[in-house]
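Dear colleague,

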Amino acid sequence: MTSTPTRARPRTVGRARAVLRRLGSLVLTLWVASFVVFASLSLVPGDPTAWLLRGHNPSPQARAAIREQYHLDEPFLVRYGHWLGGVLHGDFGRSLRDRAPVSHLLATQLPTTLTLVALSGLLITIVGMTVGAYAALRHGRVSERVVLLLVTIGFATPSFVAAIVLKWIFALKLGIFPTFGLGDGGWGDRLQHLALPTVALSVTYLALVTRITRSAMLEQLSRDHVEVAIARGLPRRQVIWRHVFRNALGPILTVSGPNIAALLVSSMIVEYAFGLPGIGQLLVSAADTNDFPVVQAIVLVLVAAFVIANTLVDLVYPLLDPTITSPQAAR
Amino acid sequence: MSALAEPALKRLRQRTRGISALSIVSAAILVIFVVLALASSWIVPYDPTAGDFTAILQDPSAEHWLGTDQQGKDVLSMLIGGAWTSLLGPLGVVVVSTVLGFVVGMVAGWRGGWVDSVLSRGMDILFAFPALLLAILAVSLFGKGLTAATVAMSIAYLPYTARLVRGVVLQERARPYVLAYKGLGLSDTFIAVRRVLPNIAPLVLAQSAINFGYALLDLAAISFLGLGVQPPEPDWGAMINGGQSALLAGAPYAALAPAVAIVIVVIAFNEVGEELADRIQGIS
């Protein structure tokens, strides 16, 4: 198809405007989120210094350090300004437990979480789309029903349930995989330690992606142009690949994208269950030991990552489906 | 079978025609769990909070149907006792988020204009906070337990209902019957609450059933992480967390029993919710 410049131009302009609007709303959301995370501290009753240091036995110096870290002697908006300025420069304050810089804690724990999420994302995408497509192509057969049954169970299985069942079967009964920590060896050892956590994290989302892929493929399979293509005698493989799978990608991405972003949050459950040193486990132990600066920082980082990932999905979607020009219309 | 029972059976069949067997089983399972939860303090065979150190880590037996944990607590009693907290939390989340979501969605859809813009933008921002994260933030501010987590999660679930209601209200508002009521001079509030609300309530109910399953999973996760219901109070999420050491010690039931209960209840809620949604779409 040839498109004249006069037609193409407004479309690009419209696209650019939509992208800008989406980025603007991203910035607004991030800003409000930072405000909520910061202002939540003023919801606690009483003196924030005493509250922050509860359960600890603070020296006068520690008290002074806290007052300084949160600028507690200054007005609210000034405090927020200081805090936001710090965050934008990568300074999240210091942990109340050992006075370590929170940014340092984040930097040491983040790689584990990201590796886990990346492995899980790969597993979910590859296996989910393959099994979903398989089920769609076996529509009406027993194998499709088996897949659907597994999907129903998998979708209701939270990662902590998957974690203990996997531990029970593979670590205890079969003794194949380790149940705790990251190991201390090289990549092979680390991957072996991450195998069960990756599966545990993936189960729910794997079921979801399989289900979406199946229904999107089925919908495409029943469309006229596909039936015509098959009737014309085009090779089945080619029809399915070009006309069915490609067109099904859009719906698959819109539904699974945000859910794969949610892996970042669910990761904490798996890290806790398998004793993996990621930021999720750091968040849980910080919430457990009243280490509020660490909680604040990780919540903010995770919310930001979640929002940015969702925005990326919205922006990529129109590239897959040219009939949709604005990210807003994708909803 | 007696001749008298036959017409009754026939009527029942007719009434349930088109409902899948799975949905009926699901609804029955939910009823059983609710009854167990309500009656838990009378029917538990043992005190779910009291251990018996002469009977730790036992396999299932006639005395302990699901065995005991590392403190000698009866797993079946904990499971039944835990049904109460495990179902009460999600109920709170669903009721609060549905009522608030109804109000927000109704106002946004009905008023339109800048009110709608502000509310919708607010909902978009709320979507940015995953429920689990908001709950952990609340727990670290107000202390561990079910209350803070439930309140936080009610807020996190609000936009799902609000968005649904807003969308349906936008459609309903343009329907002839609403215009007719307007022509009769009835007030907007009256039409919205007394005439439109009953029409969209079933759809919201279907959404609520599905939300209940999600909320149960999220709250169980909070308890699993040790930030929600605190032992020895029985709760399914906390049981799975506490049962991990028993699992590694060779007594898997303390962790597996609540795990299976969670999966079954969530499947049942999903099935019932989807059946409701299907039926409503079939009607309208």
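H6(A) gives the second largest pocket the largest share of its lining, eight residues. Helices here are DSSP runs of H or I with at least four residues, strands are runs of E with at least two, and both are numbered from the N terminus. This is a predicted model, in which local features need pLDDT of at least 70 and side-chain atom pairs count only at pLDDT 80 or more, while totals for chains, interfaces and linings use all residues. Residues are numbered from 1 along each chain as its sequence is written, chains are lettered from A and ligands numbered from 1 in the order in which they are written, and side-chain values use heavy atoms, with hydrogens and water left out.

Pocket and cavities

The second largest pocket has a volume of about 570 Å³. On a 1 Å grid over the protein atoms alone, a pocket is an open set of points with protein on both sides within 12 Å along at least five of seven lines, whereas a cavity is a set where a 1.4 Å probe fits but cannot get out; lining residues have an atom within 4 Å of a point. Grid points are joined across faces, edges and corners, and a volume is the space filled by probe spheres set on the points.

Both chains contribute to this pocket: helix H6 (142-155) of chain A, and helix H2 (21-38) and helix H11 (253-283) of chain B, each supply at least two lining residues. Of the 21 residues in the lining, Leu148(A), Leu149(A), Thr152(A), Leu22(B) and Glu271(B) lie nearest the centre. The lining divides into twelve nonpolar, three polar and six charged residues. In this division Ala, Val, Leu, Ile, Met, Phe, Trp, Tyr, Cys and Pro count as nonpolar, Asp, Glu, Lys and Arg as charged, and the others, Gly among them, as polar.

There are two cavities of 30 Å³ or more. The largest cavity, with a volume of about 60 Å³, has a lining that includes Ser86(B), Leu146(B), Asp235(B), Trp236(B) and Ile262(B). Helix H4 (75-111), helix H9 (188-224) and helix H10 (236-248) of chain B each give at least two residues to this lining, and the largest share, four residues, comes from H4(B). Seven of the lining residues are nonpolar, four polar and one charged.

The second largest cavity has a volume of about 40 Å³. Among the residues that line this cavity are Phe38(A), Tyr70(A), Phe76(A) and Arg79(A). Helix H1 (5-39) and helix H4 (76-88) of chain A are the elements that give two or more residues to the lining, which divides into six nonpolar, one polar and one charged.

Salt bridges

Over all chains there are eight salt bridges, each a side-chain nitrogen of Lys or Arg within 4 Å of a carboxyl oxygen of Asp or Glu. One of them joins Arg214(A) and Glu144(A), at 2.8 Å from N to O. Arg214(A) is in helix H8 (residues 187-221) of chain A and Glu144(A) in helix H6 of chain A, 70 residues apart. Arg214(A) and Glu144(A) are buried, where buried means under 20% relative accessible area, exposed over 50%, and partly exposed in between (1.4 Å probe, protein chains only).

Arg211(A) forms a salt bridge with Glu274(B), with the closest N and O atoms 3.8 Å apart. This pair joins two chains, because Arg211(A) lies in helix H8 of chain A and Glu274(B) in helix H11 of chain B. Arg211(A) is partly exposed, at 30% relative accessible area, and Glu274(B) is partly exposed, at 34%.

With kind regards
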